[in-house]
Amino acid sequence: MDGSSTELIVEEQVRVLPPDPPDSKPDDGKVRVAVAELSPEELAAKAIAPVKKEFLRPHTVKPTTNDESNDVASDTKPTTTPVLKEKKSKRQAKRERRQEQKSVLHLCPEVAKSGTVSSCRYSDNCHFSHDLEAFKAQRPADLEGNCPFLGDVGTCPYGLACRFSGTHKDDVCAETQNVQRKVSEINGLKKDVQKLLWKNKMKFPKADAQLKLLGLMGPGSSKKKLEDNEEGNTTVSNGSHATNENCCSEVVSDSISTVKCSPEVLEEDDNMNQPLAADELRPLKKAKPLSSENNCSSEVNNGVTIEEKDFGKSCSQNESLTTIDHIPMETDKSLILHPREKKLIDFSEKLYLAPLTTVGNLPFRRVCKVLGADVTCGEMAMCTNLLQGQASEWALLRRHSSEDLFGVQICGAYPDTVSRTVELIDRECTVDFIDINMGCPIDIVVNKGAGSALLTKPMRMKNVIQAASHTVDQPITVKVRTGYFEGRNRVDSVIADISNWGASAITIHGRSRQQRYSKLADWEYIYQCATKAPDDLQVFGNGDIFSYLDWNKHKLECPKLSTCMIARGALVKPWIFTEIKEQRHWDISSGERLNILKDYVQFGLQHWGSDSKGVETTRHFLLEWLSYTYRYVPVGLLDVIPQRLNWRPPSYFGRDDLETLMASESAADWIRISEMLLGKVPEGFTFSPKHKSNAFDRAENG
């Protein structure tokens, strides 16, 4: 292809362009840039990947007549309002699920494993089909390849329902099913534990003891007792409480989703201690004066807590009025482990895969472990959902045996929910550390007072860390952003205290909540925070690491950084861990990339199942991952290396057909790749990615 005759037009939003705009005037808020006419340096300055001209796709312009242009203009006008689908009620959805389960294609799992109808103990009362002959007649054709369970287990736990059943061995005893799977994956939710959580009968002695010691159990005055009686002694879900502006517990509903932030919380720092909007409905939310002797909570004056002696005296006077069912007798402060007595983990120079929502699932983490990741962390789990025993939330805590240094990340708004969740995880799961998310920018999380909303409430932030770290022996780490509002960084003002509160390490994402993922991460501010941090607090940097040169630069410019966390860079190219360890730019071929996808599919089928439901679940998460991987531009196609994370790839040809297909930004091409690995998609299948990065979309400063 003649590069001189190739011209590609790229449309960009003005809001995300670099400071130097092009000379041409914007057309309807967009700027048209002729990629082939700009030098590689100019393209890089405009955040456009400088692909070699011989690989660029030509821009074809279809000639239009006056009639066609009029048709186009008429099409741009909205004609009809889109039809909104009626939301189904829970009862209707449940009825449809039951009817679907009765389909002959939904064979009873016990019958599928054994091949005999009598193996199901529920007999005719079973919700699934027992018609073996009808299932065999209508079952979909087997997929190509071998069953993913045969190599490790010896027998498939899905039996006849497996999409690879033709490769099963008939001479393997069925009693050995799922044995190896249980060993390789741990941290599952036990049924007896789930029932206790459902019935709100789970006890949290350690958390309640620390909350009482820290004065976070709630007011113990007679007024509180009287109003609780008037409200009918409302039962608290799993002992969960909300806290007011001074972090004193108050009764809330079963789900954190009922709590909303007041607008004042997010406006000014002067108003950071205002109560939530939901709290205004309760008269007890008003702050009490420090002179009140009946207040059992530890009040705060100018950021300094009342002396422990006065606090203990106040609590002892009202201990008989407390509404908590079970409080341990041992509340001696000498029993609290000092942070230096806790188990310590040395994160220095370790490659840390960040907790990634949706895509950072167990199969993806296994892929990253194979490619060189040292530390892995589960997806963010909401504390209230864990305390309610939601199986889907507990699935985020699962750990594979290959994850030798593994942590879980939780997100909560109040000290009591976080501390009880930490105790529950420490009791029921095997983890090396627990990370508390205080930087999530998602509206649904922030509006509940969790995530980056905690950055506006340093006292609550303190109480959350203290309550969690004093409850368990596991190291507690914290992940934050630079601040809530852009240009108003505030982490440096509290980083010296975070270690005293009990955190072992802190990860700083170099963006504010308002920035989301727009603009570049502020590493200078990360360096400033690392310099101010005490020696016993490990500091991790996070943001825009996309090559081993980025890693080396940050480690060289700030030796106080223990390590760097890699997030979106691993989503686009998970082999970044190999590049850092081998200190090279890996010009990976399309075949090697396809092999990585094959490994992911294999791990996904082992995790989600090899039946039809497991295959489609694996396909869904594979497509979510492919919505990131297409942004990678092979090293051999670039005029300037390494690629930057904020570069937008123009439309280009790869060095072979598969590489061209992998570079497509069309969801239809992603589906084609999934069909290469998991067979044809079901009839009527559609896909839309769940997440859209602001680096490839317009900035949405919230």
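1. Let's start with disulfides. A disulfide is a covalent bond between the sulfur atoms of two cysteines. The cut-off used here is a pair of cysteine sulfur atoms within 2.5 Å, and a search of the whole structure turns up zero of them. Cys108, for instance, is in no disulfide: its nearest cysteine sulfur belongs to Cys120 and sits 3.7 Å away. Cys108 is also buried, at 2% relative accessible area. For that word, buried means under 20% relative accessible area, exposed means over 50%, and partly exposed is in between (1.4 Å probe, protein chains only).

2. Before going on, a word about what you're looking at. This is a predicted model, where local features need pLDDT of at least 70 and side-chain atom pairs count only at pLDDT 80 or more, while totals for chains, interfaces and linings use all residues. Residues are numbered from 1 along each chain as its sequence is written, and side-chain values use heavy atoms, with hydrogens and water left out.

3. What keeps Cys440 from bonding to the closest cysteine sulfur? The sulfur of Cys440 is 5.8 Å from that of Cys411, which is too far for a bond. Cys440 counts as buried because its relative accessibility is 7%.

4. Now the salt bridges. Side chains of opposite charge can pair when their charged atoms come close. The rule here asks for a side-chain nitrogen of Lys or Arg within 4 Å of a carboxyl oxygen of Asp or Glu, and by this rule the count comes to 25. One of them joins Asp142 to Arg139, with the closest N and O atoms 3.2 Å apart. Asp142 is partly exposed at 35% relative accessible area, and Arg139 is partly exposed too, at 23%.

5. Have a look at Asp443 and Arg513 next. Their side chains meet in a salt bridge at 2.3 Å, N to O. This pair links distant parts of the chain, 70 residues apart: Asp443 is in helix 15 (residues 443–446), and Arg513 is in the loop between strand 14 (505–509) and helix 18 (523–532). The helices here (H or I, at least four residues) and strands (E, at least two) are DSSP runs, numbered from the N terminus.

6. Another salt bridge brings together the side chains of Arg655 and Asp587 (3.0 Å, N to O). Arg655 lies in the loop between helix 23 (612–629) and helix 24 (657–662), and Asp587 in the loop between helix 21 (576–582) and helix 22 (590–608), so the pair ties together parts that are 68 residues apart in sequence. Both ends are partly exposed: Arg655 at 38% relative accessible area and Asp587 at 35%.

7. On to charged patches. Patches are made of residues with over 30% relative accessible area and no salt bridge, with like charges joined within 9 Å and nonpolar side chains (Val, Leu, Ile, Met, Phe, Trp, Tyr) within 5 Å. Lys191, Lys195, Lys199 and Lys201 form a positive one. Where is Lys201? Find the loop between helix 7 (191–198) and helix 8 (205–213), and you'll see Lys201 there. Lys201 counts as exposed because its relative accessibility is 54%.

8. There's a negative surface patch as well, made by Glu41, Glu42, Glu54 and Asp639. Glu41 is in helix 1 (residues 40–45) and counts as exposed at 55% relative accessibility.

9. Back to helix 8 for a moment. Its buried residues include Ala207, Asp208, Leu211 and Leu213. After helix 8 comes Gly215, with a positive phi near 75°.

10. Last, some backbone details. Which peptide bond is cis, with omega near 5°? The one from Ile641 to Pro642, and Pro642 is in the loop between helix 23 and helix 24. Glu349 has a positive phi near 65° although it is a residue other than glycine; look for Glu349 in the loop between helix 10 (308–317) and strand 8 (352–353). Lys519 isn't a glycine either, yet its phi is positive, about 60°. Lys519 is in the loop between strand 14 and helix 18, and is exposed at 57% relative accessible area.

Methods: Areas by Shrake-Rupley, 256 points an atom, 1.4 Å probe, with all protein chains shown as cover. Lys, Arg positive; Asp, Glu negative; His and termini not counted. Charge placed at Lys NZ, Arg CZ, Asp CG, Glu CD.
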